[in-house]
Amino acid sequence: MPTTFTPNTTRSGLDPRTRLSVAELRHRWGWFVALGVALILLGTMAFLNTLVATVASVYTVGLLMLIAAAIQIAQAFSVKSWSSFFWWVLGGVLYALAGFAALINPLMASAFLTLFLAAALVASGVARIGVGFQSRPAHNWGWMVLSGLVTLLAGLVIALGWPVNSLWVLGMFLAIDLVFQGWATIALGLALKRGVPSA
């Protein structure tokens with residue numbers, strides 16, 4: 001007779017190990033709330049000075065590109081016998097040059113990144129609209145189309161305001177992201193404070 005697997009869970013539906021880790025986090029709920037408040041404050045500061053936030057965003061992207069370039073080049077030299085070795089190294093070098101360019105001239109880099117963001121939003125919006133119409137007559141297909149229209153409109157607004165808006169668009173997106181992360185972290189902290197259901 002085949003044996004059946006019975007998960008080791010309690011009446012609360014959580015694995016005991018999961019309950020233990022959550023219980024440990026519960027004692028640190030205040031740190032989550034404090035982190036959330038700090039993120040909201042940083043997001044508010046970014047809203048008040050979107051130019052500085054934009055430059056900070058570009059510096060972050062530049063540093064990430066340099067790290068990615070170093071990893072890619074190191075990986076290429078670890079397998080020098082690979083047939084695509086040259087192209088792998090070349091890609092890493094180009095990535096590094098782009099990262100250095102972003103760090104040297106963040107305002108120029110912000111213009112390119114803003115234009116790329118506008119193009120990505122337009123493409124995503126068009127794709128979402130297409131998926132929405134293809135989903136007819138499925139339930140709520142109109143919400144997908146509406147979501148695509150909003151994304152498409154956002155991309156067009158950014159594109160029409162380019163390159164002037166490249167001084168603040170990335171900073172605004174960073175500010176919004178920080179504020180939402182802050183509220184989500186506070187919500188997590190308060191949920192931990194309420195505790196885990198008893199077994």
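**The pocket**

Modeller: Lining the largest pocket are Ala56, Ser57, Val58, Thr60, Val61, Leu113, Phe116, Leu117, Leu170, Phe173 and Leu174. A pocket here is an open set of points on a 1 Å grid where a 1.4 Å probe fits, with protein on both sides within 12 Å along at least five of seven lines, and lining residues have an atom within 4 Å of a point. It's a predicted model, where local features need pLDDT of at least 70, side-chain atom pairs need 80 or more, and lining totals use all residues. Residues are numbered from 1 along each chain, and side-chain values use heavy atoms, without hydrogens or water.

Biologist: How much space lies in the largest pocket?

Modeller: About 230 Å³, as the space filled by probe spheres set on the points.

Biologist: Which element gives the most to the lining?

Modeller: That's α3, with 5 residues. The elements giving two or more are α3, α5 and α7 (helices are DSSP H or I runs of at least four residues).

Biologist: Switching topic, how do α3 and α5 cross?

Modeller: Helix α3 (residues 50–78) and helix α5 (residues 106–134) cross at roughly 85°, and their axes come within 9 Å. That makes α3 roughly perpendicular to α5 (65 to 115 degrees).

Biologist: Which residues meet there?

Modeller: From α3, Leu51, Thr54, Val55, Val58, Tyr59 and Val61 meet Pro106, Leu107, Ala109, Ser110 and Leu113 of α5, with contact meaning heavy atoms within 4.5 Å. By class, this contact has 9 nonpolar, 2 polar and no charged residues.

Terms used:
Axes are lines fitted to C-alpha atoms, for helices over the stretch in contact, and angles run from 0 to 180 degrees between N-to-C directions. Angles under 35 degrees count as roughly parallel, over 145 as roughly antiparallel, 65 to 115 as roughly perpendicular and the rest as oblique. Ala, Val, Leu, Ile, Met, Phe, Trp, Tyr, Cys and Pro count as nonpolar, Asp, Glu, Lys and Arg as charged, and the others, Gly among them, as polar.
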